[in-house]
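Here is a short briefing for a first look at this structure. Keep the sequence and the 3D view side by side as you read.

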Amino acid sequence: MQQRQARVAVIGAGPSGLYAAAALLASDVPVDVDVLDRLPAPYGLVRYGVAPDHVKMKSVIRVLRKPFDQSRVAFLGGVHVGEGGVPLEVVRQHFHAIIHATGSTVDRELGIPGEELAGSLGSGAFVSWYCGHPDHTKLQPLLDRPGVAVVGAGNVALDVARVLAKTADEMAGTDVPDPVLETLRSSAVRDIHVLIRRGPQHIRFTPAELRQIGELANADVLVHDDGTLAAGVEEPEDRRHRQMLDMLAEWAAAEPAGKPRRIHLRFLRSPVEILGTGGRVSGVVVERNRIVDGRVVGTGERETLDVGLVVRAIGYSAEPVPGLPFDEATGTVPNVGGRVVRDGEPVPGAYVTGWIKRGPTGVIGTNRADAVETVTALLEDLPNLPDPEHPDPAEFRAALAAHGVRPVDWSAWLRLDAEEIRRGGLRGAERVKVAELAEMLDAAHGAPTG
Ligand code: NAP
């Protein structure tokens with residue numbers, strides 16, 4: 001019996017969505033895939049989350065773009081599914097199944113007084129700004145004071161600290177948009193305080209990323225650990241964690257070289273209040289912690305750090321998808337192996353992959369196996385999924401047009417890509433991002449750009 005041609009929509013053209021598209025293509029099942037993204041550019045977190053100076057990490061794009069070499073896969077950029085865009089219900093009428101791969105885009109909050117002040121930001125917003133995300137071009141982070149606090153002990157906190165510790169000249173060869181580079185050039189930041197609520201044995205950094213801050217040309221690393229390392233901490237089983245403890249112990253014992261900027265790793269410290277004057281951040285009150293049975297307990301001992309910016313890098317939550325269930329506690333869509341479930345029952349034709357499925361953990365490659373799991377579930381279900389009301393791809397394009405959407409297809413993206421490479425040439429960089437949405441669309445659709 002001849003198999004019917006299946007139509008699958010992947011919403012989100014980041015690593016998780018593109019690994020899912022690749023997994024669909026790798027199967028024997030005849031399937032057409034439309035990859036939709038709210039933005040005119042593909043690659044999601046690789047483009048807007050991987051730090052601009054992590055050039056090697058961005059080379060995964062060569063793998064991620066492969067599905068688009070096949071005519072069975074279409075890129076439809078600039079298509080926002082959901083409120084204010086194309087309703088999910090409309091998309092459902094055109095596909096057998098939908099894989100939601102929109103990640104975790106909402107910054108978690110500390111829940112302390114002063115968090116609403118100007119100069120208090122989530123890492124998602126700050127990272128998106130320096131990565132040239134069109135939603136954050138107007139962010140204008142306050143880099144006019146010498147002190148900055150970065151909260152968290154994950155790799156995002158390290159990325160933020162490192163970018164702030166580098167000079168504009170060190171960032172000029174990356175893809176940061178020109179206005180970002182100008183802001184970094186006028187930065188007054190000198191002391192970056194990384195506030196780590198637990199001890200050196202609890203960090204969530206990875207060795208390569210930690211090592212990088214020790215190799216900065218213009219910044220020293222100072223370890224403030226209340227003597228924890230010198231007293232000796234329990235030897236962790238994990239080899240990579242042991243490497244990091246050795247690195248920290250070495251830095252703790254070393255004299256700073258007197259470089260112009262400093263990254264302070266402040267262990268066992270939590271921000272308890274952000275202070276403000278005239279509506280903007282003027283300091284952060286920090287409490288010393290101790291760890292009791294693995295729990296963080298404040299000691300009541302407090303100090304105030306003189307900072308003009310507080311960036312919390314304490315994790316993300318997914319944005320709820322209207323029409324799908326959502327678990328507020330984990331910030332994910334409830335699922336079993338990628339099948340979306342409501343009250344324990346699968347929601348027919350609805351799947352998730354990536355951070356919206358498992359939370360904001362792992363490295364880019366983690367999304368590959370995750371996507372394979374989801375796609376395996378989808379392909380198992382496919383014979384029992386009803387045909388969509390409108391299976392013809394042309395009908396979906398017409399539905400988008402009826403909602404006033406002119407998608408950026410793969411060739412239009414390649415025009416935007418070429419424009420970014422051209423701008424890079426002017427600055428001695430591989431690429432310089434076009435960040436303003438209107439300019440992105442102009443470049444993609446072939447309108448003249450500046
Ligand atoms: P993460 O690794 O989960 O780290 C979050 C940090 O926030 C933890 O140190 C956590 O401390 C801390 N935290 C949470 N709530 C807090 C609070 N209320 N007060 C103080 N601290 C708090 O998350 P991430 O840094 O956002 O990274 C997300 C994922 O992307 C990770 O898997 C990461 O490795 C990956 N990533 C990788 C790279 C890279 O490979 N170069 C770069 C960026 C991100 P506790 O540990 O005490 O809970």
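A residue is called buried when its relative accessible area is under 20%, exposed when it is over 50%, and partly exposed in between (1.4 Å probe, protein chains only). Helices (H or I, at least four residues) and strands (E, at least two) are DSSP runs, numbered from the N terminus. This is a predicted model, in which local features need pLDDT of at least 70, side-chain atom pairs count only at pLDDT 80 or more, and totals for chains, interfaces and linings use all residues. Residues are numbered from 1 along each chain as its sequence is written, and side-chain values use heavy atoms, with hydrogens and water left out.

**Helix H1**

- Helix H1 (residues 15-25) is mostly covered, with ten of its eleven residues buried.
- The buried residues of H1 are Pro15, Ser16, Gly17, Leu18, Tyr19, Ala20, Ala21, Ala23, Leu24 and Leu25.

**Two domains**

- The chain is divided into domain 1 (6-105 + 318-408) and domain 2 (108-315); these bounds come from an automatic or database domain assignment.
- The C-alpha centres of domain 1 and domain 2 lie 33 Å apart.
- The contact (heavy atoms within 4.5 Å) takes 15 residues from domain 1 and 18 residues from domain 2.
- About 1300 Å² is buried between domain 1 and domain 2, and carbon and sulfur atoms give 53% of that area.
- Buried area is the accessible area (1.4 Å probe) that two parts lose on being put together, summed over both.
- On the domain 1 side, Tyr48, Pro52 and Asp53 lose the most area to domain 2, together 47% of what that side buries.
- Four salt bridges are counted between domain 1 and domain 2.

**The seven-stranded sheet**

- An open sheet of seven strands has the order E3-E2-E1-E4-E18-E17-E16, with mixed pairing.
- Two strands pair if DSSP finds at least two bridges between them.
- Strand E3 (73-77) and strand E16 (335-336) are the edge strands, and each pairs on one side only.
- Strand E1 (residues 6-11) runs parallel to E4, joined by four bridges. Here alanine 9 stands opposite isoleucine 98.
- E4 also pairs in the parallel sense with strand E18 (residues 345-352), over three bridges. Histidine 100 stands opposite valine 352 in that strand.
- E16 and strand E17 (residues 339-342) run antiparallel and are joined by two bridges. Valine 336 has arginine 339 as its bridge partner.
- In a regular strand the side chains alternate between the two faces of the sheet.
- In strand E4 (residues 97-100), Ala97 and Ile99 point one way, Ile98 and His100 point the other way, and all are buried.

**Salt bridges**

- A salt bridge is a side-chain nitrogen of Lys or Arg within 4 Å of a carboxyl oxygen of Asp or Glu.
- By this rule the count comes to 33 salt bridges.
- Arginine 92 and glutamate 89 form a salt bridge, with the closest N and O atoms 2.5 Å apart. The two are three residues apart in helix H5 (residues 88-92), so about one helical turn separates them.
- Aspartate 159 and arginine 162 meet in a salt bridge of 3.1 Å, N to O. Both lie in helix H7 (residues 155-165), and both are buried.
- Arginine 431 forms a salt bridge with glutamate 420, the closest N and O atoms being 2.8 Å apart. Arginine 431 lies in the loop between helix H16 (410-427) and helix H17 (437-445) and glutamate 420 in helix H16, so the pair ties together parts that are eleven residues apart in sequence.
- Arginine 431 is partly exposed at 21% relative accessibility, whereas glutamate 420 is buried at 0%.
- A network of salt bridges links Asp226, Arg269, Arg288, Glu301 and Glu303.

**Residues to look up**

- Most residues other than glycine have a negative phi.
- Aspartate 226 is not a glycine, yet has a positive phi of about 55°. Aspartate 226 sits in the loop between strand E9 (219-224) and helix H11 (228-231).
- Leucine 268 is not a glycine either and has a positive phi of about 55°. Leucine 268 counts as buried at 12% relative accessibility.
- Valine 310 lies in strand E14 (residues 309-312) and is buried at 2% relative accessibility.
- The C-alpha atoms of valine 310 and valine 150 are separated by 5.9 Å, although the two are 160 residues apart along the chain.
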